[in-house]
Amino acid sequence: MTPSAAPATYRELGLTDSEYELIVSGLGREPAVTELAMLSLMWSEHCAYKHSKKLLRRLPTEGPAVLMGPGENAGVVDVGGGLGVAFKVESHNHPSAVEPFQGAATGVGGILRDVFAVGARPIAVLDSLRFGELADSERSRYLLDRAVGGIGHYGNSIGVPTVGGEIYFESSYEQNCLVNAMCLGLAPHERLIRSAAAGPGNVLVLLGALTGRDGIGGASVLASAELGEGDEAKRPSVQIGDPFAEKKLLECCLELLDSELLVSLQDLGAAGLTSSSSEMAAKGGVGLDIDCALVPLREQDMEPFEIMVSESQERMLCVVEPHRVDAVIEVCERWETLATPIGTVTDTGRLRVRTGEEVVADLPVPILVDDCPLYDLQPAPPSGSLYAPPAASLAADTDAGGTLLALLGSANIASRRPVFEQYDPVVQSRTVRRPDEADAAVLALPTGEAIAVAIDGNGRRVACDPRRGAAEAVYECAANLACVGAEPLGLTNCLNFGNPEKPHVAWQLVEAVEGVRAACLALGVPVVGGNVSLYNEAPTGPIFPTPVIGMVGRLPDPARAGRLAFAEEGDVVALVGDLSGAGRAGSELAKLRGEPVTGPLPALDEEAARAAHATVRELARSGAVRSAHDIAEGGIAVALAECCIAGGLGATVGLPAGLDPFAEAPGRAFIVSGPEDALRALPVIGRVGGAALRVEGVLEVEVSRLAAARSGGLAKFL
Amino acid sequence: MKFGVIRFPGSCDEVDALQACRRVGDAVILWHGDRDLQGVDAVIVPGGFSYGDYLRVGAIARFAPVMEEVAEFAAAGGLVLGICNGFQVLCEAGLLPGALLPNTSLRFIFRQVELEVVTADSPFTGTCVPGQRLSIPVKHTTGRYYAPDDQLARMEAADQVLLRYAPGENPNGSLNDVAGVCNEQRNVFGLMPHPEHAVDPLMGPTGGLPIFESICAHVADGAALV
């Protein structure tokens with residue numbers, strides 16, 4: 001093996017001096033070039049979670065419905081009838097900032113593979129996106145346009161519906177856009193498969209695309225250390241997605257699993273073959289012997305380290321019993337998918353990589369997977385806000401009607417139609433509630449029941465008050481599920497933060513995780529998987545701390561899934577839940593007025609919120625209500641306006657004394673409407689009817705004007 | 001009544017079409033590499049992105065072995081329905097006149113649109129009445145129907161336009177608001193909207209159902225004549 005180069009090399013690869021010393025003492029020698037490439041990636045924040053792993057242990061992961069928890073490619077919850085729903089959210093922030101179309105497309109491709117790697121057919125995608133202010137930034141408009149295009153390109157072409165999502169625009173994301181993609185999959189229990197390699201003598205088979213130099217990233221330092229200056233061929237490139245290849249790979253993998261031909265299955269994501277093989281070996285407590293000369297290449301003359309760290313898309317790795325290899329290859333040929341035996345399972349506990357006869361890496365599996373040091377965060381609360389106040393765009397003396405129109409037309413609240421019209425929400429014929437029809441997407445199950453899913457995470461509120469803001473995101477997801485009649489089964493999260501080595505960012509991270517934990521415990525919702533994206537930071541400072549929560553729930557009768565639109569003239573409107581603590585801190589109105597990004601946010605009464613969720617859930621399930629909508633950004637005025645716009649109907653309401661129409665307290669209160677008899681027991685505040693939204697003593701605006709304001713706010717930038 | 005739905009690599013809506021067919025009759029999947037149509041009464045070329053839509057939409061799928069059989073089946077009067085990508089494939093294969101161009105917006109668009117039945121004189125619209133409105137979703141990037149002026153005029157004169165986007169509903173810039181056309185013999189029909197996504201009241205409007213029912217009724221009538 002060729003010994004690796006000077007300290008400059010490992011530093012450029014992102015290892016610290018002390019980490020390198022740990023590697024040398026662990027191995028009892030200097031690592032070889034290929035070994036260093038593999039170790040530097042496995043010890044990166046992205047793979048090792050070295051600043052977040054200890055913290056993530058705070059999140060509750062147990063629940064009655066959990067079939068697979070964190071650690072597998074995706075978490076899985078039981079939805080009855082022998083079916084499981086797999087789901088996970090993951091970030092693709094940095095690639096999307098470099099090349100938004102392919103970055104977002106491969107983000108979708110990656111999360112789809114995570115889901116079918118556990119044996120589940122992907123049935124839905126949702127996206128959570130963050131960009132800078134559209135009005136100020138041509139770059140943000142470009143990123144939005146291309147990222148949305150990339151998500152659609154991949155999801156539409158592979159035949160998985162995009163059923164929901166959320167987008168916010170804040171200047172803190174100007175340099176670090178966020179592209180988080182969530183996927184749900186459906187599988188019979190018996191098809192669920194884990195990723196642990198097992199059975200010495202079994203064959204390691206690489207499925208899917210050719211391996212090229214895509215996404216080699218930091219490891220390209222090794223190439224430049226070995227090769228002459230300006231060797232263009234060795235340049236790393238952004239990963240390029242091929243949804244057609246993935247579609248074939250997906251159908252192929254599901255057929256292999258249905259035919260019970262595989263021992264285990266794992267997708268190739270970050271760090272490619274290195275992470276997939278070492279994680280499979282670690283989970284199974286076995287070793288692997290890989291001959292990288294057998295890996296089918298897209299480019300000639302790739303170095304072994306390049307083959308081992310390539311992030312070429314649309315590849316999977318599986319373990320197969322020797323007598324089934326031919327059958328596996330036959331299925332793959334039918335799907336026009338490459339299947340290549342590249343190694344064997346051993347009992348050595350070592351990951352040995354050869355190129356032909358020459359051994360280029362021989363590492364104990366634990367040094368790759370377990371031995372990376374975990375760092376303690378050094379959290380310290382900042383003395384003031386880390387973020388500059390936004391520029392004011394609304395005069396403080398604007399009347400309530402004008403304020404409502406400004407809020408509806410603001411990029412964060414305006415209609416998402418220009419975006420979701422670029423996605424196919426109906427393929428696979430499960431979608432009972434599409435975007436804009438309800439607070440959560442609803443998908444019918446073959447059992448006759450249904451699942452609901454929502455994704456939320458308002459970074460500005462977390463920036464104001466990390467603990468309460470993060471908890472709110474969990475409550476808001478659960479509230480969205482309640483509106484369609486669903487009870488939460490589990491959640492997945494993606495923690496998007498700045499540099500955790502900075503004390504104030506560390507504090508945001510610790511506080512936010514505590515907030516998520518408290519909300520999970522209060523609502524009885526376990527975390528079944530997730531992802532962390534750190535170092536989202538520009539010279540001007542960190543992004544808003546942005547924990548994105550994706551939650552899945554179950555409802556018994558899809559025909560009764562709730563809708564958000566006011567539906568009938570004469571129905572009564574009721575306010576369910578407690579808005580008494582609602583305030584302007586962190587609100588959309590505070591942003592429009594240019595007020596500072598500071599808290600505290602209102603405390604949340606767990607008991608009252610749970611009760612409100614249960615009430616709305618039961619109202620939806622019993623068919624007593626014709627609409628249900630949670631009160632979030634823009635307060636009760638915006639929530640009422642959204643119900644009016646969706647139904648094309650006005651309403652007249654009187655607010656409880658002292659309630660600020662634009663104050664926010666997400667996740668705990670709802671607007672419902674329905675026949676008077678059915679809602680008699682609720683606090684009725686008004687009635688559906690007419691052509692205007694009239695809030696007594698506050699405002700009166702024609703629904704057509706509300707709709708026009710809402711429809712143009714985002715469309716004008718696309 | 002037995003439908004056959006083709007599955008190409010990259011087909012996305014073939015299971016949706018299969019389920020829609022099964023609301024009115026039997027249905028089986030036909031594999032792109034097989035030359036056996038399994039004795040079906042009607043063939044559906046489904047939506048999706050056959051062969052990744054690489055090169056040009058529908059351009060590769062027309063060369064699939066199964067398409068040779070479909071061409072023979074059509075020539076013998078068999079019913080063929082092309083939906084979205086299937087419409088594109090049938091145009092590429094020369095089984096339908098005209099071509100599908102990129103939407104004027106140059107973007108993928110999903111939208112529930114209102115269609116108007118132009119004529120009931122076809123196996124695909126036989127249970128409808130002219131002027132009837134059908135609410136069906138479209139979802140495509142390349143759905144702008146085009147045919148040269150003289151050809152389109154001949155098609156209009158021969159009542160080959162079976163469905164139009166209702167006034168104000170044209171999502172893609174199709175000439176004459178054309179949403180679906182048939183061949184001269186009226187046994188091959190292609191449309192950009194997805195009737196298979198409009199058959200279940202649980203999921204939304206059911207404007208697609210009359211198309212499947214019409215096919216079924218036509219085949220039943222034919223059987224009765226024999």
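**View 1. Chain A as a whole.** Buried residues make up 61% of the 718 residues in chain A. The model is predicted. Chain A holds 23 helices and 28 strands. Along the principal axes, its C-alpha atoms fill a box of roughly 85 × 55 × 40 Å. Among contacts in chain A with a separation of 6 or more, 85% are between residues 24 or more positions apart.

**View 2. A six-stranded open sheet in chain A.** The strands of chain A run in the order S14-S15-S16-S21-S17-S18, and their pairing is mixed. Strand S14 (431–433) and strand S18 (527–533) of chain A are the edge strands, each pairing on one side only. With direction ignored, neighbouring strands of this sheet are turned by 20 degrees against each other on average.

**View 3. The pairing of S16 and S21 in chain A.** Strand S16 covers residues 450–456 of chain A and strand S21 covers residues 546–555 of chain A. The two pair in the antiparallel sense, over seven bridges. Val453(A) stands opposite Val552(A), a residue in S21(A).

**View 4. Helix H18 of chain A packed on the sheet.** Helix H18 spans residues 466–484 of chain A. The strands of chain A that H18 touches are S14, strand S15 (441–444), S16, strand S17 (487–496) and S21. The direction of H18 makes about 25 degrees with that of S21(A).

**View 5. The contact between chain A and chain B.** Chain A gives 22 residues to the contact, and chain B gives 22 residues. On the side of chain A that touches chain B, helix H8 (138–158), helix H10 (243–258) and S14 of chain A each supply at least two residues. The residues of this side of chain A divide into nine nonpolar, eight polar and five charged.

**View 6. Helix H1 of chain B.** Helix H1 takes in residues 14–21 of chain B. Six of its eight residues are buried, so the helix is largely enclosed by the rest of the structure. The buried residues of H1(B) are Glu14(B), Asp16(B), Ala17(B), Leu18(B), Ala20(B) and Cys21(B).

Conventions. Residues are numbered from 1 along each chain as its sequence is written. Chains are lettered from A and ligands numbered from 1 in the order in which they are written. This is a predicted model: local features need pLDDT of at least 70, side-chain atom pairs count only at pLDDT 80 or more; totals for chains, interfaces and linings use all residues. Two strands pair if DSSP finds at least two bridges between them. Helices (H or I, at least four residues) and strands (E, at least two) are DSSP runs, numbered from the N terminus. Axes are lines fitted to C-alpha atoms, for helices over the stretch in contact, and angles run from 0 to 180 degrees between N-to-C directions. Two residues are in contact if their C-beta atoms, placed from the backbone, lie within 7 Å. A residue is buried if 20 or more other C-beta atoms lie within 10 Å of its own, exposed if 12 or fewer, and partly exposed in between; C-beta atoms are placed from the backbone. Ala, Val, Leu, Ile, Met, Phe, Trp, Tyr, Cys and Pro count as nonpolar, Asp, Glu, Lys and Arg as charged, and the others, Gly among them, as polar.
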